[in-house]
Amino acid sequence: MAKITSKPPGNGSTAGKLGNLTEMRDELLLVALIFLAVAAFTFAQSSFLSLGNLLNIGQQSAIVAVVAFGMTGVIIARGIDISVGGTMASAGIVAAMVIEASDSGVLGFLAAVSVGAAFGGINAILIAGFGISSFVASLGTMALAKGAALSISHASSIPVSNALMLWAGQATVLGLPAGLLIASLLCAAWTFLLKRTVLGRSIYAVGGNGNAAQASLISVKKTQTITYILCGASAGVAAIIGIGRLGSAQPLAGTGLEFAAITAAVVGGASLAGGKGSVAGTMLGAIAIGTINSGLSFLQVSQQVIYMVSGALILGAVLARGGVPWGAPGAKKVTPAADANVADPRDAKRSLKVTGLSKSFASVKVLSNISFELNSGEVVALMGENGAGKSTLIKCISGVHSAEEGTVEFSGLDRAGGNDERQDIAVIHQHFSLVPDLTVAESLSLGREPVRSGFWLRRSVMRSKAAEALREVGLDCDVDTPVRQLTVGQRQMLEVAKALMASAWLVVMDEPTSALSNRERDQLYTIIGKLKAKGCAVLYISHKMEEVRELASRAIILRDGKLVGDVALSTMSERQLVHMMVGRDLGNVFPWSAATIGKNMVDIRNLSGGLLHDVSLTVRQGEVVGLAGLMGSGRSDILRCIAGMDRYSTGEVFLRGQALKSGDQLQSAKAGVAFIPEDRHVEGIVGGLSIADNLGLVWMRRHSKVGVVSTSGAKAMADRLIRQLDIRPPVPTKKVGTLSGGNQQKVVIGKWLAVNPGIVLLDEPTSGVDVGAKSEIHKVIGELKAAGAAILLVSSELPELLGVSDRIVVIREGRSVGELPRGASERDVMELAFGSTEESRKGAQS
């Protein structure tokens with residue numbers, strides 16, 4: 001495949017080193033905490049530093065650490081296992097009984113690990129197999145394991161005198177407790193597993209974004225299953241150390257251990273939200289907890305207080321890590337106002353005036369001296385590349401962020417002066433702020449619920465207001481429908497309805513049409529016209545030039561956090577606008593290039609299932625076939641069936657001449673299919689992983705030896721793709737969740753380019769990205785086409801489809817109703833999509 005030439009990464013290595021130091025922050029803080037704790041307890045009680053006490057701390061910390069390693073893996077995979085204490089007790093009892101019968105320490109060790117793994121397997125079946133909550137499932141397993149331990153042992157301890165067992169809990173090696181040595185070896189093994197193997201990277205991906213992991217050919221259920229089994233096995237190893245320490249197996253051993261293990265993992269840096277954690281940090285967390293608990297016991301502090309201190313450690317770790325959005329001093333949280341009134345055109349003219357606004361994050365200045373003004377009854381476009389500062393500017397205007405310099409005034413009132421102008425602004429975000437489990441009516445009324453006597457919820461009023469809001473935006477759905485059942489386009493219109501119910505004077509719309517059909521888009525245009533007539537101001541963010549020119553009279557243009565233009569759109573050409581945004585000439589954003597047409601790569605015959613009722617089409621080597629149609633016509637469903645992501649009921653799909661089994665994602669991938677999903681945040685990226693790790697999600701499975709990933713190979717692959725796709729910043733260790741939308745989309749495309757696909761399925765590949773990123777993405781598409789790839793493209797942006805496609809297949813109500821050659825017009829496409837003219841009938845027959 002031909003490569004796109006670009007500049008070398010620049011200072012990426014320096015930034016990468018700084019990133020590594022930042023990632024080590026938790027470990028460094030824990031080391032400091034351990035030294036401080038030892039110094040404090042030694043000062044309070046000099047005997048705390050005795051050899052015997054330090055050995056005791058080491059052995060106790062080893063037990064907690066070994067269990068916490070498995071717990072860390074489970075937490076990274078977005079789970080929890082509170083059965084580890086009971087599992088340790090049962091494993092210890094069974095191991096003691098085996099030793100008693102065979103006098104073999106090796107058999108006893110294997111028995112303990114096997115029993116632990118078996119209880120982990122029970123958790124895996126319940127959680128991964130049946131989808132039961134990890135807390136509920138492991139709670140049941142905990143009761144089962146504790147009951148088994150008490151029953152088998154008849155509630156009595158079992159003495160153990162086997163030398164191997166006693167060595168694990170009582171011996172020292174080079175002055176270190178044997179248990180701590182075992183824990184250190186397991187720490188190294190777990191670190192290798194998580195950092196260097198396909199399984200370890202899969203664990204991080206599953207915890208960070210299970211949908212994206214599944215779309216990247218990672219088996220989520222298999223990964224969860226192995227993780228819980230390893231966690232149970234870890235509890236079995238801890239049982240061996242515990243037996244050696246006490247000289248017996250106790251049926252109540254491990255009581256409270258689950259809490260200590262969770263504390264060690266969280267204090268060590270693991271996030272209960274999944275996708276983040278370090279066994280090195282967990283090891284230090286276990287030592288810190290062991291040191292503090294031992295010190296408190298030395299000072300004869302009660303067990304209740306020790307538990308309180310452990311809880312405080314968890315809270316302190318979360319707060320110190322920045323898990324709570326404190327906000328900047330003086331920042332105000334913006335919520336919709338219940339009684340805000342729409343501005344009336346008969347009122348005095350209102351305005352928003354921004355003067356000298358500047359904002360920095362750490363040492364990076366993201367906004368610099370921004371000044372502009374908005375007035376009643378006008379629509380103004382806010383334009384700029386992703387990362388130009390548009391989102392930060394909106395957050396400063398709405399009060400989410402506070403600026404270091406400058407003022408934001410509504411109708412002459414200074415927000416910084418303490419006046420609450422929150423009712424003046426409503427923001428329609430690009431990424432939905434809806435609660436999936438609430439109904440449509442509940443979502444629209446969230447934060448401003450109608451109540452009687454200050455307490456009773458008036459559901460009838462809530463439903464009627466919701467119905468009125470839906471009618472205003474032209475959304476036809478039941479107000480009692482759960483939000484999760486709505487399509488992406490319906491959710492977008494629901495966001496619009498929610499903003500309108502806030503009755504704000506200034507309405508900010510961030511890429512509001514990215515998920516809308518043409519009908520819904522036209523309805524939104526009508527709504528904007530009504531807002532303008534009422535005297536409201538609309539700040540409209542869009543990367544679609546035709547929308548900007550249709551709606552706005554002028555444009556405020558940002559580049560690199562600076563205001564580079566406040567211009568009347570009637571005086572500017574599209575090329576001039578693009579040049580102002582990116583600082584360079586991009587030429588044609590949607591370029592077409594000729595390529596040699598080869599054999600059929602995709603052949604779909606009479607496909608049906610879900611929204612699809614009869615679809616037939618072909619895609620050949622070296623061509624781009626566009627799929628056009630209204631929202632809900634089934635375009636995305638076609639791509640998902642080809643990728644094996646969704647099943648189909650009837651019809652046939654042939655890839656490279658071979659029939660595809662319905663829903664077989666691995667077979668599709670082996671045929672060289674790459675799937676770029678519609679929503680990169682849901683199925684595309686794992687935000688908590690680095691650029692390099694995301695780029696390697698598919699690559700690692702094909703370039704590993706016995707499950708071990710080559711670090712040098714992975715680094716070379718990531719560096720190559722970062723240069724080829726011009727991903728910015730060019731820092732492989734940078735978290736993908738912090739990148740702009742365009743660069744995130746490049747990462748999604750890059751993870752498939754890493755395996756040289758022959759069939760590329762693109763579902764809205766440039767949705768929500770700036771013109772610069774669009775141009776760069778289409779250069780990549782052109783390179784793929786020239787290299788002989790077969791490309792199937794879905795886009796709601798007709799200029800994109802018409803610009804890059806060799807042929808366009810139109811889908812209406814789940815059926816392929818016609819095919820148009822290159823050179824077709826927007827009218828040709830829409831007539832087929834609506835199916836209401838003689839032209840559509842001719843197209844359907846072609």
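In the predicted model, the largest share of the lining of the largest cavity comes from helix H30, which supplies three residues. This cavity holds about 110 Å³ of space. Fifteen residues line the largest cavity, and those closest to its centre are Asn518, Gly629, Leu630, Arg635 and Ser796. Two or more lining residues are given by each of three elements, namely strand S19 (623-629), helix H29 (798-804) and helix H30 (826-834). When the lining of the largest cavity is sorted by class, nine residues are nonpolar, five are polar and one is charged.

In total, four cavities of 30 Å³ or more were counted. By class, the lining of the second largest cavity contains six polar and four charged residues, and no nonpolar ones.

On the surface, a nonpolar patch is formed by Val106, Leu107, Phe109, Leu110, Leu164 and Trp167, which together have about 540 Å² of accessible area. At least two residues of the nonpolar patch come from each of helix H5 (105-129) and helix H7 (163-170). Helix H5 makes the largest contribution to the nonpolar patch, with four residues.

Most residues other than glycine have a negative phi, and most peptide bonds are trans. A cis peptide bond, with omega of about -5°, joins Arg728 and Pro729. Pro729 is placed in the loop between helix H26 (711-725) and helix H27 (741-753).

Positive phi values were found in two residues that are not glycine, His154, with phi near 55°, and Leu174, with phi of about 55°. His154 lies in the loop that runs between helix H6 (134-153) and strand S1 (158-159). The relative accessibility of His154 is 66%, so this residue counts as exposed. Leu174 belongs to the loop between strand S2 (172-173) and strand S3 (176-177). With a relative accessibility of 86%, Leu174 likewise counts as exposed.

Key: Residues are numbered from 1 along each chain as its sequence is written. This is a predicted model: local features need pLDDT of at least 70, side-chain atom pairs count only at pLDDT 80 or more; totals for chains, interfaces and linings use all residues. Side-chain values use heavy atoms; hydrogens and water are left out. On a 1 Å grid over the protein atoms alone, a cavity is a set of points where a 1.4 Å probe fits but cannot get out, and a pocket is an open set with protein on both sides within 12 Å along at least five of seven lines; lining residues have an atom within 4 Å of a point. Grid points are joined across faces, edges and corners, and a volume is the space filled by probe spheres set on the points. Ala, Val, Leu, Ile, Met, Phe, Trp, Tyr, Cys and Pro count as nonpolar, Asp, Glu, Lys and Arg as charged, and the others, Gly among them, as polar. Patches are made of residues with over 30% relative accessible area and no salt bridge: like charges are joined within 9 Å, nonpolar side chains (Val, Leu, Ile, Met, Phe, Trp, Tyr) within 5 Å. Accessible areas come from the Shrake-Rupley method with a 1.4 Å probe; for residues, only the protein chains shown count as cover. A salt bridge is a side-chain nitrogen of Lys or Arg within 4 Å of a carboxyl oxygen of Asp or Glu. Buried means under 20% relative accessible area, exposed over 50%, partly exposed in between (1.4 Å probe, protein chains only).
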